[in-house]
Amino acid sequence: MFISMNWIGDFVDLSGLDKNALIHQFSLSTAEVENEIFYKGSDVSGVVAAEIKSVEPHPDSRKLHLLKVDAGGPELVDVVCGAPNVRVGMKTAFAQVGARLGDITIAPRPLAGYMSNGMCCSEKEIGISDDHSGIMDITDDIPNGTDLKSVYGIDDIIFEVDNKSLTNRPDLWGHYGIAREFATLAGRPLKPIETLDLAPYDGLPKIDMKILDPLCQRYSALQVENITTAVSPVNMRIRLYYCGMRAINFLADLTNYLMLEMGQPMHAFDSRKVSKIRIRRFDQPFTFQTLDGVERHIDENTLMICNNTTPVAIAGIMGGLDSEIVADTTTLTLESATFDPVSIRKSTVRLSHRTDASMRYEKSLDPEMTVVAIGRFMKLLMDTDPGAKVTSSLTDEYAFHYPPVELSFDKAFVDRYTGIQIPNSTIVKTLAALGFGVENKGDDFTVKVPSWRATKDVTVKADIIEEITRIYGYDNFDVHTAVSPLYPVRPAPEKTVEDEIKDLLVKRFSLHELHSYVWAYYDEYKRLGLEVEPNVELANASNPNIKTLRRSIIPTQLCQVKLNTGFAPAFGVFEIGRVVKGLDKDNLCIEEKKLAVTLFSKLESLESLYFKLRDMAAVLVADVRHKSLSYEKLEATHSYQHPKNLNAILCDGEVLGEIGVVHPSVSRKIDKKAAIVYMELDVTKLTQVADAPIVYEEPSKYPGMEVDMTFLSDKYEPIEKAIAAVNSPIIKKAVVTGTYADESGKSITVRLSFSHSERTLTREEVMEVVDRIVDTLGKEGVALKA
Amino acid sequence: MNHEIAALTEKFEAELKKIENALDLENMRVAYLGKKGSVTAILKSMGNLSADERRQLGQEVNELKDRVADRIAARKEELQALELKRQIEAVGEFDLSLPPDLDRGSYHPITLVQRQCENVFKSMGFTVEDYKEVVSDYECFESLNIPKFHPARDMQDTYYLENGQLLKSQTSAAQNAIYRKYRKALVEDGTPIKAIFPGRCFRNEATDACHENTFFQMEGVMVDKNISISNLIFFMKTMLSEVFQRDIKVRLRPGFFPFVEPGFELDINCLICGGEGCPSCKHSGWLELCPCGMIHPEVLRMGGIDPEEYTGFAFGLGLTRLAMMKYGIADIRDLNGGSLASMCQFTGDQ
């Protein structure tokens with residue numbers, strides 16, 4: 001919203017003050033001001049009122065005319081002018097020699113053979129409107145030679161307030177409310193708004209009007225006729241233009257002007273079309289043509305203004321085309337109303353049509369303002385068009401009153417909330433300036449919230465704190481730390497585990513952490529032959545690529561691996577992120593936190609890469625929880641899983657996740673020559689695994705013994721089991737030192753380390769244990785290699 | 001001197017000169033000083049000598065023994081020195097100007113800035129909480145004093161799910177749960193609530209270099225009996241100064257967020273121009289960084305905390321924004337894009 005400092009000046013005397021500093025202060029105390037401030041008129045000078053005394057056609061040009069202009073000087077000035085609307089007796093804006101218009105300085109110059117000693121200007125050329133159809137046609141009685149800046153508000157400072165920072169302040173949607181803030185910040189009085197007293201018309205008949213729906217809070221109306229002015233006064237048009245609105249005609253401009261001034265949207269109906277105002281909703285949907293010519297779909301929730309049963313306007317949003325003021329309108333019915341803000345907002349969303357009016361209504365406008373606005377409208381109307389005649393008494397139905405808000409607090413409350421000392425007198429002065437009724441006895445305060453702040457904005461004591469502190473100025477705060485009791489802080493275990501995992505994977509295994517999106521990437525999945533598995537979907541997805549939530553990070557990670565095949569011949573990536581595994585019985589998402597790791601290598605065999613990843617998992621769990629892992633074969637159920645090399649990862653009997661080779665159909669689409677393996681672990685489950693304590697065992701002081709045995713076996717598992725089965729306290733360690741394959745089959749060499757804490761072991765007792773292991777394995781069909 | 005000893009001494013010296021390695025030297029030691037060695041053999045011939053001669057010869061043999069042993073030990077040292085020299089010469093001079101093979105992993109830049117922020121708050125006794133990404137309307141809006149059709153919902157276009165839940169549009173969605181988790185300790189033991197909760201957030205908007213539908217925030221709250229606006233400014237300024245490792249100027253402006261009252265927009269002096277004004281700060285000298293405020297009494301009440309007795313502040317820091325500022329990342333999409341060429345550069349905690 002654009003704000004004119006001239007307009008503000010109507011309501012508070014800011015003379016002698018630094019306007020820029022005030023605007024800056026406003027931004028820090030009230031609402032955000034956009035950076036660019038416009039100094040209107042600063043690039044225009046030397047433009048005066050002048051009368052065209054004669055018009056001669058140019059002998060060589062059909063467009064140009066030779067004028068003699070009275071610019072207030074002793075002699076008429078010769079000017080060559082190309083405007084189509086020149087006429088004798090016309091008063092216009094005249095840029096004298098030496099005048100400045102933007103970058104141009106006016107100098108005498110020949111134009112098609114004749115000297116032109118100045119320039120007649122369009123409104124656009126002097127920056128007060130978009131109109132460039134002809135030179136400015138001044139109807140005001142201004143002596144020739146008068147600098148236009150002395151009669152019109154061409155010089156102005158315009159700033160833009162970010163609308164988003166006004167969502168909670170219905171009172172700031174017009175200049176008067178903004179002026180109140182400036183008055184408070186400047187410590188100067190706010191002038192009352194001048195209105196026309198409507199009491200003299202009380203004897204006139206009322207307008208036939210009824211609110212039939214609780215969504216209308218208040219409806220005020222007045223009938224006026226004999227309005228003869230068609231074009232708005234120049235100053236009104238300049239303000240509208242500077243504030244981003246186009247001048248249309250006097251009545252339309254006046255309603256807009258009033259909205260920009262008081263924040264109260266108004267509407268003028270042609271009284272011929274609206275004689276029986278009814279405010280209601282309809283049971284059946286229908287279409288309705290608004291004054292912008294658009295057919296709009298109206299449903300049963302949309303509040304309408306009707307002429308009896310014929311809709312004439314969408315309440316609070318836009319008037320209808322049929323009831324609009326037209327050229328031959330003689331009598332108009334003025335509407336000034338408030339409606340339920342939520343209803344307006346919903347209708348706006350449904351109609352996808354946001355207007356200057358609806359934008360204000362949805363902020364919860366103050367119903368107290370409707371009648372004031374009519375009084376103000378009439379004052380401005382009569383000032384310009386004194387012949388206008390009021391033909392009804394003020395018709396006003398006030399169906400819904402916001403409850404008055406009164407808040408009590410004491411100084412201790414303010415001190416506690418602010419952490420600083422603000423004197424009672426400052427509190428009283430600030431609140432009073434903002435229009436609050438303040439009673440102060442000792443350290444106790446009772447505050448009556450003004451109606452324009454009481455529609456939703458100020459409801460609790462904390463709101464009062466804001467009023468006091470924002471005007472006090474946050475830059476003026478004494479800043480200090482909190483005084484609170486100290487207790488130990490226990491880190492959330494899941495966060496700790498997450499940090500440990502990241503450090504380990506980055507620092508020990510040189511993996512790269514990536515982030516991806518939580519939904520399936522349709523296009524990229526398709527390219528890799530990955531299936532988008534059915535899962536919870538976004539209800540308001542606008543794009544199929546942002547629609548279905550992922551069930552696993554792996555597919556999105558594989559897409560990222562595909563993206564990076566040229567990065568290095570071998571690399572690994574990981575992400576700790578979240579997935580959704582469908583809905584639970586209460587229809588809520590089953591959300592899981594996962595660690596996903598993918599390794600890519602053109603340098604290693606699939607097998608060695610798989611073991612590298614397996615070892616990573618083992619180190620990770622050993623590090624984080626001092627536990628070991630076991631693995632179980634899994635059936636492939638997802639498009640990326642390998643039918644053979646796919647295992648569940650278990651710890652303490654609980655499945656933590658899975659590890660697998662990427663299915664060749666997917667893998668080859670990523671890179672034909674690369675080995676790709678992945679794992680996914682449930683971080684929450686890993687966190688819940690009980691941390692195994694460290695049990696210290698003093699190393700034996702006596703020499704130990706090592707025995708190597710090579711067994712003919714495909715797998716280590718039976719060997720490991722047999723070693724565990726003999727349950728001998730002197731076995732300290734079993735290490736696989738090699739696996740071989742030759743004509744006799746696969747074999748595994750294991751080195752057992754023996755020792756005793758109190759003595760040197762004999763060869764006999766060691767061999768006794770070895771024999772038992774060999775025996776046990778023999779029964780399983782696993783023999784020692786000869 | 002016994003002529004045998006003289007001859008042996010001469011022979012020994014001649015042989016010793018030829019010895020070039022430790023093994024030959026050891027063999028030579030055995031040949032002379034061993035049980036069957038030449039020196040020992042001289043003693044064996046002492047049987048037919050007189051006692052005086054025997055004593056005389058014995059003494060000379062012992063002297064010879066000592067001399068031989070010394071000479072061998074000396075030669076051994078020489079050989080060892082020679083061997084070391086050979087070893088040293090066998091090795092070339094290594095060229096350390098060759099580039100190192102670092103093979104370093106990398107953290108996501110969000111992880112790095114998140115940890116920096118966490119560490120600052122941890123050092124001031126805040127706990128770090130983790131929260132889910134799919135939340136209810138109550139968590140994300142109702143419990144934060146944002147009823148349905150409140151204009152504030154306009155500010156964030158939320159991703160709703162088909163079951164009525166939603167992807168959290170702000171980390172504030174965890175506030176209610178945090179209050180409920182710690183209210184007992186607050187009320188019964190007087191332990192202030194001091195928590196931060198970083199997390200991924202989602203907004204339904206078109207992406208470009210400056211807009212993302214998936215980004216990270218970090219929320220922080222502190223609740224106790226006398227928490228004030230003054231404290232809020234202190235903690236914000238301290239945290240940001242620690243994160244950016246320099247004295248940061250902050251300024252507060254009124255900002256409207258339904259879950260705080262008063263609510264603020266916190267600006268910091270532009271890090272690029274230092275406040276002079278530059279394109280990064282749109283020539284204002286300030287950067288809008290972090291919405292914050294005093295927790296709205298209704299929000300505390302819904303969290304089970306009596307707002308008449310307790311006050312608190314809350315803030316929301318855009319971690320994504322912070323990471324971009326800190327590392328000069330111009331395109332926000334790089335953060336979720338997954339390109340290792342970009343992401344591999346964030347190798348350590350800094």
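Among contacts in chain B between residues at least 6 apart in sequence, 67% join residues at least 24 apart. The structure to which this chain belongs is a predicted model, and the model scores ipTM 0.87 and pTM 0.86. For chain A, residues 24 or more positions apart account for 70% of the contacts with a separation of 6 or more.

**The two chains**

Chain A contains 19 helices and 37 strands, while chain B contains 12 helices and 10 strands.

|---|---|---|
| Chain A | about 135 × 80 × 60 Å | 42% of 786 residues |
| Chain B | roughly 130 × 50 × 45 Å | 41% of 350 residues |

**Confidence in chain B**

Chain B has an average pLDDT of 90, and 98% of its residues score at least 70. Within this chain, confidence is lowest in helix H3 (residues 38–44) of chain B, with a mean of 80, and highest in helix H9 (residues 297–302) of chain B, where it is 97.

**Where the chains meet**

In the predicted complex, 67 residues of chain B are in contact with 78 residues of chain A. On the side of chain B that touches chain A, the largest share, 6 residues, is supplied by helix H8 (residues 229–244) of chain B. By residue class, that side of chain B divides into 28 nonpolar, 25 polar and 14 charged residues.

**Helix H12 of chain A**

Helix H12 (residues 493–508) of chain A is made of 16 residues, and from its first C-alpha to its last it reaches 22 Å, close to the 22 Å expected at 1.5 Å a residue. Its buried residues include A:Val497, A:Glu498, A:Ile501, A:Lys502, A:Leu505 and A:Val506. These residues lie on the same side of H12(A), because they cover an arc of only 150° around the axis. An α-helix has 3.6 residues a turn, so residues three or four places apart point the same way.

The cover over the buried residues of H12(A) includes parts of both chains: from chain A there are strand E27 (512–513), strand E28 (570–583), strand E29 (589–601), helix H15 (606–625) and helix H17 (683–688), and from chain B there is helix H5 (109–123). Just after H12(A), A:Ser510 takes a positive phi of about 55°.

**A residue in helix H4 of chain B**

B:Leu57 is found in helix H4 (residues 51–90) of chain B. This residue has 19 other C-beta atoms within 10 Å and is therefore partly exposed, since a residue counts as buried if 20 or more such atoms lie within that distance. Leaving aside neighbours within four places in sequence, B:Leu57 is in contact with B:Asn2, B:Met46 and B:Leu49. B:Leu57 and B:Ile5, although 52 residues apart in sequence, are 9.1 Å apart in space, C-alpha to C-alpha.

Conventions:
Residues numbered from 1 in each chain as written. Chains lettered and ligands numbered in written order. Predicted model: local features only at pLDDT ≥ 70, side-chain atom pairs only at ≥ 80, totals over all residues. Helix = DSSP H or I, 4+ residues; strand = E, 2+ residues; numbered from the N terminus. Buried ≥ 20, exposed ≤ 12 C-beta atoms within 10 Å, placed from the backbone. Contact = placed C-beta atoms within 7 Å. Expected span 1.5 Å × (residues − 1). Arc of directions from axis to C-beta. Nonpolar A, V, L, I, M, F, W, Y, C, P; charged D, E, K, R; others polar. pLDDT = per-residue confidence, 0-100.
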